[in-house]
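Please prepare a short briefing on the structure shown below. Keep the sentences brisk and group the points by topic.

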Amino acid sequence: MKKIIALLLVALFVCGALAACGGNKPADNNTAATADQKKSDFKAGFIFLHDENSTYDLNFINAAKAACENLGVECILKTNIDESNACKETALDLVDQGCGFVFADSFGHESYMIEAAKANPKVQFSHATGTMAHTEKLDNYHNAFASIYEGRYLAGVAAGMKLNEMIESGKITADKAKIGYVGAYTYAEVKSGYTSFFLGARSICPTATMEVQFTGSWYDETLEKEAATTLINNGCVLLSQHADSMGAPTACEDAGIPDVSYNGSTLSSCPNTFIVSSRIDWTPYLEYAIKAAMNGDKIDADWTGTLGTKSVVLTEVNDKAAAKDTQAKIDEVKAKLESGEIHVFDTKAFTVTVDESKQLNVGAKVDGEGHLTSYMADVDTDEAFAGDTEVIADGYFHESEYRSAPYFALDIDGITLLNTKF
């Protein structure tokens, strides 16, 4: 009897062991297969204001393709989507196509993206240059930007090097070191951009001044070329821009005026005048956000890329147009920015003439020399653009630290705005 019981126990043990081994392995394989299947089935959708003809949108398109390829997910691109209800309809269409992550690239898309996010709580939505994610507090809606003001500052350093070369060669005198800048709108993003560029240039060429001509459009080649031509006719000896077409670079090439581009190299079309370009590389953010969406992980409400995350980059310097040793100087200043030795918006580097009649300068406080001592920025955006957050500390303006989108909205001395209706 004992022998029979023992044999039965052995049999049961062996069967149990075989069941355990045989059962676990297929289960693990099935789990892995399911995970791989989910990864291969994941789709990311992208909404762009324009198409590849816009340097701004092309920069996003390239990043979207690269991020999806790196992660092995399907990429669905939608171009020429207006800042209207068309954005919401497109976002909903992308959800219907099975996208688990939807991204839009233009400021005016934001309210429509929020509506789509509220209607689809299980889908993750991200938006570039927006301001409302940290106040909307939706688990599935996020904003992202980068400290591009640092990239523009570095591009400004290249501009300052060129101005000094022109002065030293006798081509211009120091008092004629006037920069022209083609801007789209008088938004904080544009102001932050041209101001940081100017500060970079003036850190190298102290006599530099700037004139800004706005177009009232993010992408209009005719208007941008006309604006650039106006600036050149006004005596500007070097140009840059925050606008998305080839209008300004082409005008510079035609006139033989050095140009610092934005969002990508214009070397192929402007080999004689293109110096360098700063841009945001959106690949690091898109990889981070898509991967988080795939894995069900939390995505930051406001994400700011930096030089350190390789989100802020410059193209190669065109030695044919740039001043000698420009790349070495850029590398030197970049290292100081990364270490915190210098700050773009150091309050001792610029002055502000506070004019209470100008809404954007209301709330700024300055010392006897015109240096900022206090500024309440409109971080929690409202219709009145009321300041709500003190952003002056440790001797500098803390741009893109309290939210990702820029909020530097000051008019500083040395920069003249030729038109302000936009």
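S3 and S4 run parallel and are joined by four bridges; strands count as paired if DSSP finds at least two bridges between them. Ala104 stands opposite His127 in S4. This is a predicted model, in which local features need pLDDT of at least 70, side-chain atom pairs count only at pLDDT 80 or more, and totals for chains, interfaces and linings use all residues. Residues are numbered from 1 along each chain as its sequence is written, and side-chain values use heavy atoms, with hydrogens and water left out.

**Strand S4**
- Five of the five residues of S4 are buried, so the strand is largely enclosed by the rest of the structure.
- Buried means under 20% relative accessible area, exposed means over 50%, and partly exposed lies in between (1.4 Å probe, protein chains only).
- Gln124, Ser126 and Ala128 point one way from S4.
- Phe125 and His127 point the other way, and all of these residues are buried.

**The six-stranded sheet**
- S3 and S4 belong to an open sheet of six strands with parallel pairing, in the order S2-S1-S3-S4-S5-S11.
- Its edge strands are S2 (74-78) and S11 (302-305), each pairing on one side only.
- From one strand to the next, the twist averages 20°.
- S5 (residues 141-146) pairs with S11 in the parallel sense over four bridges.
- Ala144 has Trp303 as its bridge partner in S11.
- Helix H3 (residues 85-96) packs on this sheet and touches S1 (43-47), S2, S3 (99-104) and S4 (124-128).
- The direction of H3 makes about 170° with that of S1.
- Contact here means heavy atoms within 4.5 Å.
- Axes are lines fitted to C-alpha atoms, for helices over the stretch in contact, and angles run from 0 to 180 degrees between N-to-C directions.

**The seven-stranded sheet**
- A further open sheet has seven strands with mixed pairing, in the order S12-S10-S9-S8-S6-S7-S19.
- S12 (312-314) and S19 (415-417) stand at the edges with a single partner strand each, so one side of each is left without a neighbour in the sheet.
- The twist in this sheet averages 20° from one strand to the next.
- S10 (residues 274-280) and S12 run antiparallel and are joined by three bridges.
- Arg279 has Val313 as its bridge partner in S12.
- H7 packs on the sheet, touching S6 (178-183), S7 (209-214), S8 (238-242), S9 (259-262) and S19.
- The direction of H7 makes about 155° with that of S7.
- H8 lies across S6, S7 and S8, and runs at about 165° to S6.

**Ser196 in H7**
- Ser196 lies in helix H7 (residues 188-204).
- Ser196 counts as buried because its relative accessibility is 0%.
- Leaving out residues up to four places away in sequence, Ser196 touches Tyr149, Arg152, Tyr153, Val344 and Phe345.

**Packing of H8 and H9**
- H8 (residues 221-233) and H9 (residues 247-255) pack at an angle of about 45°, and their axes are 7 Å apart.
- H8 and H9 are therefore oblique to each other.
- Angles under 35 degrees count as roughly parallel, over 145 as roughly antiparallel, 65 to 115 as roughly perpendicular, and the rest as oblique.
- On the H8 side, the residues in contact are Glu221, Glu224, Lys225, Ala228, Thr229 and Ile232.
- They meet Gly247, Ala248, Thr250, Ala251, Cys252, Asp254 and Ala255 in H9.
- By class, this contact has six nonpolar, three polar and four charged residues.
- Ala, Val, Leu, Ile, Met, Phe, Trp, Tyr, Cys and Pro count as nonpolar, Asp, Glu, Lys and Arg as charged, and the others, Gly among them, as polar.

**Positive phi in loops**
- Most residues other than glycine have a negative phi.
- Asn80 has a positive phi, near 60°, and is found in the loop between S2 and H3.
- Asn80 is partly exposed, with a relative accessible area of 42%.
- Lys310 is not a glycine, yet has a positive phi of about 65°.
- Lys310 is found in the loop between S11 and S12, and is exposed at a relative accessible area of 60%.

**Whole chain**
- The chain has eleven helices and 19 strands.
- Helices (H or I, at least four residues) and strands (E, at least two) are DSSP runs, numbered from the N terminus.
- Of the 422 residues in the chain, 51% are buried.
- Among contacts between residues at least 6 apart in sequence, 64% join residues at least 24 apart.
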